[in-house]
Amino acid sequence: MIEIRFAGFGGQGILTTGMICATAGMDLGKNVTWYPSYGSQMRGGTANCSVKFDDKAIASPFLKNVDILCAMNTPSLDMFQAELKPGAVVFVDSGVVPEDHPIREDVKVVRVPVNEIAHKAGNPRGANLVMLGAMAAHTDIFTVEEITKAVEKFFKKKGIDNPKNLDCLKLGSEC
Amino acid sequence: MAEVRLPKRIMNSGGWCQGCGHGVVVRLIAEVLDELGVADKAIAVEDVACGSMSMSGVLKCDAIMAAHGRPIPVANGAKGARPDSIVYAHLGDGSAYSIGCAELVHTALRGDNMTVIVVNNTVYGMTGGQMAPTTLPGEKTASSPKGKDADRYGVLNVVDLISDLNCTYLARGEIYDVASTAKTKAMIKKAFQNQIDNKGFSLVEVLAPCPTNLHMTPVQCKEFVHTEATKYFTLGEFVDK
Amino acid sequence: MAEKVLMKGNEALAEAALRAGSRFYSGYPITPQTEILEYLSTRMAEVGGFFVQAESELCGINMVFGAAAAGARAFTTSSGPGYSLKQEGISYLAANDLPAVIIDVMRIGSGLGDIFMGQGDYWQLTRGGGHGDYRTIVLAPNSVQENVEMVQKAFDLAEQYLHPVIIASDAGIGQMMEPVELPDFKEHDVNKFDWAVRGCKENENPRYCQNIYYNMWDEEYPLVKEYGDYPTYLTKKYATIEENEQRWESYQVEDAEVVLVAYGSSSRVAKDTVDTARAQGFKLGLIRPITLWPFPKKAFAEAKAAKAFCTVEVNILGQMGDDVRLATEGKFPVGFAGNFFAVPDPDDIIATAKALLK
């Protein structure tokens, strides 16, 4: 069982990131669930979603012992630190979370300047894809190839063809 | 002596009170459906109130009895399920202009292709003669025994309410005498022809007497509608696109 | 076998309704069911059906009433406060023996409550809720796949019993995404039933779709002819549904000391809780009602070792407890491990269940 939390501001593509992640899990043959925050929270406030992967059937879609937290801003990091397992991996946007911001001692922290990289790639809305690339590099939930396939499939279904999306993913995986 | 024949789509006289306008209106509708050749695919939607007595062995048409105030959305649903059928809602003034006001306004706003026939007798009939939005100022009813207080309760005129929306046809007639009844029948016919031609939303209001609840003789009540009600509810075709 | 797709519960349900042959939908926005309305706003036209965003829930359900009377597989959707408004039409559907499907994607609270995941409507769903002598079949899915399967089942049951059928979904099921296998398209013929209004020929008897109470004195009325009178017909109808349609899932019930009773989203947490408790040596079990009405009373016979029962629900008053007490004839303590604004935590559920044994 893998529990993953994506969190950030509304409009940062948090829910989409989780959906792509869930797509990757499904295509790996795993059982997956994706569960969003919704409603008024979507209007510019905080957004988060929960993703679960398991080889067995997943009973509860709600998270309890989180393996991976992907925090795109400081409030999200503060809000969701407590539910992390010891040894969990936390991805933070180093462009917004100060280096000295307190993070639990018993977790691994991966700092990625996602927005900076996305801007450099000419795809400012691709920060979340940079983060997915970094997740592929620093965890074993999926490989870069697997998440690349999921990203291609996800955007193809939406009728979006932007090669810069894959650039973001690749740059993220090199972090 | 002239031969008296029932219209093809009328099986029997109904249980309406003496002098009631509903029976006349149902007969006019039945004649129109037959004359337009659409009776075979007509679906009537009746309010649970007085109009629904046409479903007591009177009207030879498939029919649905809708909750009070809801014949218009119910007719809309039947039309949506069977777009080739000819669907109409037959309801009273309390149903159309009070409890079902939102449904009326939005159906007119969408311009849904259907026919609505409202019988306006200025009073709630089935529940025993209470004040309606169409009750005239000063008119005595069971819930305005001293006469409708014009300062507190206004008079709702459907023309003010929906003529600027997306109506194809909006008219008001009466059934006072042969000539006015024939005019009203022509209005009803146009309202159905529009639906056949897919032209949109048509509503005909028919001013009618309710002698029982207004405590008048049928003749007195007929005169009241003709002389008093028409002061507030002018007759004519208000929208005809 | 069709390829699995990742879909939100609400959207999968909407698509499944179309695949069950429904071509009529009228709805109104309310969180957390709005994705159904949004999905159908474009998708219904693609399959040649009728879609309307109604001006209110009242209009929505009454349009469904008209469409059902005309023979369509019609449905509407809402959530708690909007479902309350639909009760008028649901009572009329029941009183007219009309098949229709109504979906309640539940949230929390009375009044406005809030939009969060919740199971606030058990009472209004299972007691009838509108006026008069009626109840409706209520199906409670707990996954996106079940959402898909149950909407098909709901239309079938509605037609089998000529009765409205409710799906008690909740925000957890509606908002969640899971891989789902969609069934093939089925056709529905609006002329499947002769009672459906369509227009009558001059030499035919007209079809009247009306309040059966008006016909209960008519010896020639088909129901009265067959059953003698309407009360007998109605009593038998409900008894038959109650006997034949109880559905549930049992999980580790036989040797359980305490049996959890949970449906929908909370049943998934409860299932995890059973595993957690058993790993700690505490024998928990789970009865998951799949029909909330008829309540699966038969399931409780399996609980041979049970000393207590405990409902797990996302509401404040433990609404399902009444039915558990009735099903167990008041012989056992019935606890409530509830929460609102969040699903109950497995550790809290275990603590509540253990306390029942003291």
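**View 1. Burial within chain A of the predicted model.** Of the 175 residues in chain A, 49% are buried, a residue being called buried if 20 or more other C-beta atoms, placed from the backbone, lie within 10 Å of its own. This is a predicted model, in which local features need pLDDT of at least 70 and side-chain atom pairs count only at pLDDT 80 or more, while totals for chains, interfaces and linings use all residues. Residues are numbered from 1 along each chain as its sequence is written, and chains are lettered from A, with ligands numbered from 1, in the order in which they are written.

**View 2. The fold of chain A.** Chain A contains six helices and six strands, where helices (H or I, at least four residues) and strands (E, at least two) are DSSP runs numbered from the N terminus. Followed along the sequence, these elements of chain A give the pattern β-α-β-β-β-α-β-β-α-α-α-α.

**View 3. Dimensions of chain A.** The C-alpha trace of chain A spans about 40 × 40 × 35 Å along its principal axes.

**View 4. The contact between chain C and chain A.** Chain C and chain A each bring 16 residues to the contact, two residues being in contact if their C-beta atoms, placed from the backbone, lie within 7 Å. On the side of chain C that touches chain A, helix H7 (171-175), strand S9 (177-180) and helix H10 (264-279) each supply at least two residues, and H10(C) gives the largest share, four residues.

Notes: A residue is buried if 20 or more other C-beta atoms lie within 10 Å of its own, exposed if 12 or fewer, and partly exposed in between; C-beta atoms are placed from the backbone.
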